[in-house]
Amino acid sequence: MATRAPLSPRMRGAGAPRPQLPAQPQARLADTAQASGPGLPAVLWRRYLAFGLAAMLGFELMPKGIGSDIVYVLVGASCVGAIVAGVVLHRPARRAPWLFMAAGQALWVIGDAVDSWFKDVEHLDVYPSPADAFYLAAYPLLAVGLLLLIRGGRPKRDLAGLLDSFTLTAGLGVLSWVLLARPTLNAAHYSAVAAAVEVAYPAADILLVGVLIRLVMTSGGRTTAFRLLLGAVALLIAGDTMYAALGIWTTSGTSSYEAIWLASYVAWGTAAAHPTMARLSKPPTVDADSRFTRARLLALGAAVLVAPATLALEQVAGASLDVWPVIVGSVIVFLLVIMRMKVVISQIVAGNRDRDVLQSRLAYQAAHDALTNLPNRTQAMEAIKAALNRAQRTGSLCGLLFIDLDGFKAVNDSYGHATGDEVLRVTASRLQAAARSGDVVSRLGGDEFVVVLETLSAETEALQIAKRLIERLSAPMVVGAVRRVRIGASVGMAISQDGSTDADRLLHEADTAVYLAKAAGRGRVEVFDESLRREFAEQHLVQEAIRLAIERDELRVHYQPVIGVGSGIVIGFEALVRWERPGHGLMPPDNFIPTAEHSALICDIDCWVLQHATAQMALWHQQHRRQRPMQVAVNISRRHISAPRVVQDVQSALAMSGLPPESLILEITETMLDDDLLATEHCEQLRAIGVRVSMDDWGTGYNSLARLQRLPVDIIKIDRSFLDTTQKSNRVLLELMIHAAHAFGLPVVVEGVEHQQQLELLRTFGCEAAQGYLLSRPMTVEDAGAFLDTRSGAVTVTT
Ligand code: C2E
Ligand code: CA
Ligand code: CA
């Protein structure tokens, strides 16, 4: 290997002596900045690049000497100027990284100038020269600047990325030693200082390589400024490496590396002048990524293999072995790999922990009510099932309390949902406080809660707990710091001995019990006990039988005539259902209608009667043509009038029978219209198609006479209790009611007329129609037909 004249790695070829240093770049820059008009931040980088490229061309074309050296120093200085201008014009969030870089570049420019001075003016060839001090001092400044830039771009400490770049740097360090530093040292005999300087350059370059690797691995926006900066650092390292390599393997003083260094200056300056430089110092939106990408794995694998591969190659080539550098490099890489493994393992552990936490949070959310933090319906069902299972094993008593708040809707309506939510939270905590420890309190939804009671000594114990809950919940609540709210609670209780029932059934029973508690006046406990269970079982059987009765056509309609009080003529009939139940005889409606009313079955019965009664009346219309056709009155139950199907049921009965709507009267009771907008709406729809609505059992509800005006009815049917004339007050009331109805233009029917004097009274009061045993009992369809035939419609009533 050719011996080489001691040369500072950054020194350029010798030239003619030069008397002067180039002009100060800062001065030039200040001019540029002052001359900046609008748009300068956008065009700065282009102008600078053009200047840089022109200067590089000039440098290449000029004969080497003081002139080219001045151009060289000028380009370096312009790079410093461009960085400062970039900071001023683009206002990056953090200026420090760029100022460090400017300082580093400035040191290089000084180094260049000092070097040129020695060469061109003093004509001295010293090594190491003072210029080397400036050159070497520049590397750490640049590295710090670049590292600050990277740190600014990483919101979190990226230990894995740091270790990876150390590993790569260590690998390259071994290479650099083997390929560059040691051959350089071997090539000449240096003084200790010169040797130190000689080794310091590749070491400094390795520092920059490490920084370059970090830059490449940094996630975040790949802006133009970022790419230019990468290029600038890469060019610098390339220039240095080329210089060192040429120094080792050639003797001729070639200066092609100078062009590379110049290009590095220009690229660095252009990066700082580019508007995107401002974004480089802001944290990226994309999180730093420390996963092993394929490229990263390849690079790391190569770095780890550098040391053994070097030894192997040297062994094969028969060259002297770099044992110690390779050992040191291997140990460093080995330690780094171990640390990297630790990072990966702790990342996996942390990931698993996060996943576990997330999973248990999700499981909690799925099982709990978000508002009160109590177990939700799903969880409540699980708790009931588990309690029943345990009760079955131990043969013990297990209870379920179903709590439904009284007056909660009013709180929600008058104070708003925020207060309502607060009331529910307070309710939840009061329930938990009042229950025994171990009792599971859950929220089913809305204002419904359940408490599962296990290990009960007796039913009375459950009853005591239920009463305690009601008492606690009825105490005034202070919500929202100032507002005092009072609610109450009704409790339904279901008990299972030895877990012989299932969870759905127990919940259903407790639900039924709370419904009964509410119906019985609220603020109380109702127990779903054995007798109730039997009652419900019977009810279920009866409902099944009624269903079959409809199918098998066991229902009958009996007809009771309604007579005109003045004329004595049959003006119509009330249709009354009977059940010809095999083995039971003819059952009156009171024996099965109330049971049917617990389900939609009642609608089917009403519908059946509607069809038969309208068809029968249409037939009588054909047989008895009259000036004023007869009417048939059909009773409609509460559930049916509230159901949307009622309008359809009536319409199809009319359509099938051909009966004119005016001949059909629907009897409903007053309370059916209380707070029931649907019932009222359906009545209006039916009246609109010509059907008339009669107010049945008038006088038995809490009615006010004034209300008559607003009710959607056409006829008033006064209850028979007002005919009990043994009480004188009834007589007065009856008269008042008839007159009130008339005042609102409503005709009156009085039912339950059993005595002649009652009929007389009605006549005196001007009542239109009467119905009762005096006139006729309800009759089978045949008897009613015969009644019409024989009396030809007129009922003779002796006066
Ligand atoms: P309601 O609508 O008040 O029917 C009048 C009831 O009073 C009938 O009893 C009738 O037989 C009875 N009655 C008639 N005149 C007299 C009298 O002078 N003295 C006495 N003490 N009673 C008299 P019924 O037929 O047993 O019906 C009882 C109830 O069953 C009816 O009361 C009605 O609410 C209901 N009902 C009957 N048929 C149907 C129906 O088809 N559908 C619905 N939903 N309910 C019906
Ligand atoms: Ca009736
Ligand atoms: Ca009635």
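In this predicted model, Gly86 is found in helix H3, which covers residues 66-90. Gly86 is buried, since its relative accessible area is 0%. Beyond the neighbours within four places in sequence, Gly86 is in contact with Leu44, Arg91, Pro92, Ala272 and Met277. A sense of scale comes from a second residue: Ser442 is 356 residues from Gly86 in sequence, and the two C-alpha atoms are 65 Å apart in space.

Aromatic pairs come next. The model has 13 aromatic pairs. Tyr243 and Tyr257 make one that is edge-to-face, with 4.9 Å from centre to centre and 90 degrees between the planes. Tyr243 belongs to helix H8 (residues 224-249) and Tyr257 to helix H9 (residues 256-273), so this pair ties together parts that are 14 residues apart in sequence. Tyr243 counts as buried because its relative accessibility is 3%, and Tyr257 counts as buried at 7%. Tyr559 and Phe573 also form an edge-to-face pair, with a centre-to-centre distance of 6.2 Å and an angle of 85 degrees between the planes. Here the tie is between strand E8, which holds Tyr559, and strand E9, which holds Phe573, again joining parts 14 residues apart in sequence. Tyr559 and Phe573 are both buried. Elsewhere, ring pairs link Phe59, Tyr72 and Tyr265 into a cluster.

Side chains of opposite charge can pair when their charged atoms come close. The structure holds 24 salt bridges. One of them joins Glu454 to Arg390, with 2.8 Å between the closest N and O atoms. This pair links distant parts of the chain, with Glu454 in strand E3 (residues 448-456) and Arg390 in helix H13 (residues 377-394), 64 residues apart. Arg390 counts as partly exposed, since its relative accessibility is 38%. Arg436 and Glu461 also meet through their side chains in a salt bridge, at 3.1 Å from N to O. Arg436 sits in the loop between helix H15 (417-434) and strand E2 (440-445), while Glu461 sits in helix H16 (residues 459-474), so the pair ties together parts that are 25 residues apart in sequence.

A salt bridge also connects Arg556 with Glu580, whose closest N and O atoms are 3.5 Å apart. Arg556 lies in strand E8 (residues 555-564) and Glu580 in strand E9, a link between distant parts of the chain that are 24 residues apart. Arg556 is partly exposed, with a relative accessible area of 30%, and Glu580 is partly exposed as well, with 41%. Salt bridges that share partners also join Glu574, Glu667, Lys717 and Glu751 into one network.

Attention now turns to the largest pocket, which has a volume of about 1,100 Å³. Its lining consists of 37 residues, and the closest to the pocket centre are Glu574, Leu576, Pro589, Asp590 and Asn635. Several elements each supply at least two lining residues: strands E9 (570-581), E11 (631-635), E12 (664-669) and E13 (692-698), together with helices H19 (593-596), H20 (601-623) and H21 (638-642). Strand E9 gives the most, with five residues. By class, the lining has 15 nonpolar, seven polar and 15 charged residues.

Key. Residues numbered from 1 in each chain as written. Chains lettered and ligands numbered in written order. Predicted model: local features only at pLDDT ≥ 70, side-chain atom pairs only at ≥ 80, totals over all residues. Heavy atoms only, no water. Helix = DSSP H or I, 4+ residues; strand = E, 2+ residues; numbered from the N terminus. Buried < 20%, exposed > 50% of the residue type's maximum accessible area, 1.4 Å probe, protein only. Contact = heavy atoms within 4.5 Å. 1 Å grid on protein atoms, 1.4 Å probe; cavity = no way out; pocket = protein on both sides within 12 Å on 5 of 7 lines; lining within 4 Å. Points joined across faces, edges and corners; volume = space filled by probe spheres on them. Nonpolar A, V, L, I, M, F, W, Y, C, P; charged D, E, K, R; others polar. Salt bridge = Lys/Arg side-chain N within 4 Å of Asp/Glu carboxyl O. Phe/Tyr/Trp six-rings, centres within 6.5 Å; stacked < 30°, edge-to-face > 60°.
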